[in-house]
Amino acid sequence: MHGPRMRRAGWACAFAPLLGIACSGGSAPVPNTIAGPADNVAELSVDYGLPGIGYLNGLFATVTVCVPGTSDCQSIDHIVVDTGSSGLRILGSVLTLSLPAWTDDSGVALAECGQLFSGFIWGQLQRADLKIAGEQASGLAIQVIDESTYLVPSDCTGFDASTAESLGANGIFGVSSSLQDCGTSCEARLGPRSVNPGVYYACSSATAGGCQTAAVPVAKQLQNPVQFFSQDNNGTIIELPSVPAEGAPSVSGSLVFGIGTRDNNGLDQAKVIRLDSGGDFVTIYTANGTYSPAFMDSGSNGIYFLDSSTTRIPVCSDPLSYFYCPGSTQNLSAKILDRDGLVTVNVSFSIANARALFAARSNVVNVVFDNLGGPSAPAQAGSVDMGTYFDWGLPFYFGRNVFTAIEGQATPVGAGPFVAF
Amino acid sequence: MHTIPVGLTFLRKLLPRCAFFALLLVSQPAWAALGEDESSVAADKAHFLASARILRSERYTLHELEASTGTKVREYLGSDGKVFAVAWQGPFRPDLRQLLGSYYETYLKAAGPRAARGPINIRLPGLVIHMSGHQRAFYGRVYLADHVPQGLSTDEIR
């Protein structure tokens, strides 16, 4: 997309067989620049994840949490960097610090049933200082993922992702375009009764029924930590290298804080896609012109879009039926439109046969793939399933610098929320 | 983030071997879980504290609740008076135990450990489950495939 480089890549690809290099599809990722060490740069890795558990396309960083105002700190690795949620969540089983409770105005401990679209993460809120790279957020509410301090309420439902095994990570660093994970809906009341839809709870005892749904003011909710940094607080950039077509066992990249706040985080030629109030934009699948609401999500491990009858790409047989398994790698394209339809960006992507990608090799386990995807919806007999999300997961991020600007925070191109790449 | 569990132990285990018609607006909403009839539930209106309406069409009756928090829940009842489909869209996912009723446990089992961290698409004999979206924007629908009225496109369930 950046002219000169694109032409160079195109030239190289034309001679790929001679040069002995690999070019994926007609749209070899343009080599992007990945920021080197700096105060606003944290290291990213996409790797196997927790030993014995494993993770496909898991984007990880290490964070340091401290007892507020002290040097009593702990570094925790394998925290998923997630542009699809907001808030820092850490597994209670790995946390060795004793952190103070985060309470409502009357001193009652707050807990959360964090909604991740198909599952939930349960645990109490506690107060901590967060340090990452040279940035710090002090006195931050974090969620400690833990089902033993307070029992999971019966109306906190869905798949339980509150353990290391089910989470596959030591926590989640939610850096979406939202300031909070919930927002004004969670402070809503109707008369004396909270209409908070089962997200925040006030916990008066550890016994069954000890936690009751609670309205929680926005300021008391789980917050996107980046907004509290003293500088570089308007968003993030995820910078990852491209990945060979067959995948890789690991890659590393950079998580850069701030947009246009320093010489290492300018937007340059990146296209700005402004988001609607839900954090969404629009994607048109080029092959047949199907419109979908869409979002960027580094916490989704594939590109999940449409359904197999619309794309005519077969899904894998069970138990991999969440992925596409085309006979040969499909080179596809889509148009990304901002919320007003004023900006259009053409994007190329590839979908390989997931079963073939996962095929075991003698001495290496590839877990990093830029061509992994699956359907967003079940196939419909004889009809097109409209209206399901186009989920641009981690594969989209490889070979790109993807900006996420936080709602209401000023940047050189105006306030967020937007994504840019 | 779409957390769906589990990792790569799966790899080792697996791979070595391997038109809308006119809707009539009526009053008096009720609320029911998938597979049950509308008289089966009363408590849940309070649960959602929602504005509600009932829409009738040729093929089904639609109970639509819009919670004050913005999530819309729709329940589709067939001519036998039983709920054959539920759908939701909005900033919050509804209480699935309540909404899916006796199918909740089936969903939990089917949604269990897998390598995909993305949307849920489960197709079981007679039961189709689809959930997608992200924090603050959830979308889902679940239907009993064998009870969808003849001639109704499942695309209409949304």
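Trainee: Are Cys113(A) and Cys156(A) buried or exposed?

Mentor: Both Cys113(A) and Cys156(A) are buried. That word has cut-offs: buried means under 20% relative accessible area, exposed means over 50%, and partly exposed is in between, using a 1.4 Å probe and protein chains only.

Some ground rules before we go on. Residues are numbered from 1 along each chain as its sequence is written, while chains are lettered from A and ligands numbered from 1 in the order in which they are written. This is a predicted model, so local features need pLDDT of at least 70, side-chain atom pairs count only at pLDDT 80 or more, and totals for chains, interfaces and linings use all residues, with side-chain values using heavy atoms and leaving out hydrogens and water.

Back to your cysteines. Cys113(A) and Cys156(A) form a disulfide with their sulfur atoms 2.1 Å apart; the rule asks for a pair of cysteine sulfur atoms within 2.5 Å. A disulfide is a covalent bond between the sulfur atoms of two cysteines. The link of Cys113(A) and Cys156(A) is right-handed, with 85° about the S-S bond. Cys113(A) lies in strand β5 (residues 109-116) of chain A and Cys156(A) in the loop between β7 (135-145) and β8 (159-160), so the bond ties together parts that are 43 residues apart in sequence. Those labels come from DSSP runs, numbered from the N terminus: helices are H or I with at least four residues, strands are E with at least two.

Over all chains, the count comes to five disulfides. One of them joins Cys203(A) to Cys211(A), S to S 2.1 Å. That link is right-handed too, with 110° about the S-S bond, and both Cys203(A) and Cys211(A) are buried. Another is formed by Cys182(A) and Cys186(A), their sulfur atoms 1.8 Å apart, and with 75° about the S-S bond this link is right-handed. Why do its two ends count as buried? Cys182(A) does because its relative accessibility is 4%, and Cys186(A) because its value is 0%.

Now meet a residue that touches this last pair. Gln221(A) sits in the loop between β13 (211-213) and β14 (235-239) of chain A. Gln221(A) is buried because its relative accessible area is 0%. Leaving aside neighbours within four places in sequence, Gln221(A) is in contact with residues including Asp181(A), Cys182(A), Gly183(A) and Cys186(A), where contact means heavy atoms within 4.5 Å. A polar atom of the Gln221(A) side chain lies 2.7 Å from the backbone nitrogen of Gly183(A).

Side chains of opposite charge can pair when their charged atoms come close. Here the side chains of Arg89(A) and Asp181(A) meet in a salt bridge, 3.3 Å from N to O. The cut-off is a side-chain nitrogen of Lys or Arg within 4 Å of a carboxyl oxygen of Asp or Glu. This pair links distant parts of the chain: Arg89(A) is in strand β4 (residues 86-91) of chain A, and Asp181(A) is in the loop between β9 (171-175) and β10 (189-190), 92 residues apart. Both Arg89(A) and Asp181(A) are buried. Glu112(A) joins in as well, linked with Arg89(A) and Asp181(A) in a network of salt bridges.

Over all chains, the count is seven salt bridges. Another of them pairs Arg339(A) with Asp340(A) at 3.5 Å, N to O. Arg339(A) is partly exposed because its relative accessible area is 42%, and Asp340(A) gets that label because its value is 47%.

Asp307(A) is buried yet has no salt bridge, and the nearest side chain of opposite charge, Arg141(B), is 7.2 Å away; for charge, Lys and Arg count as positive and Asp and Glu as negative, with His and the chain ends not counted. What Asp307(A) does have is a polar contact of 2.5 Å with the side chain of Ser309(A). A polar contact is a pair of N or O atoms within 3.5 Å; within protein, one must be able to donate a hydrogen and the other to accept it, and residues adjacent in sequence count only if both atoms are side-chain atoms.
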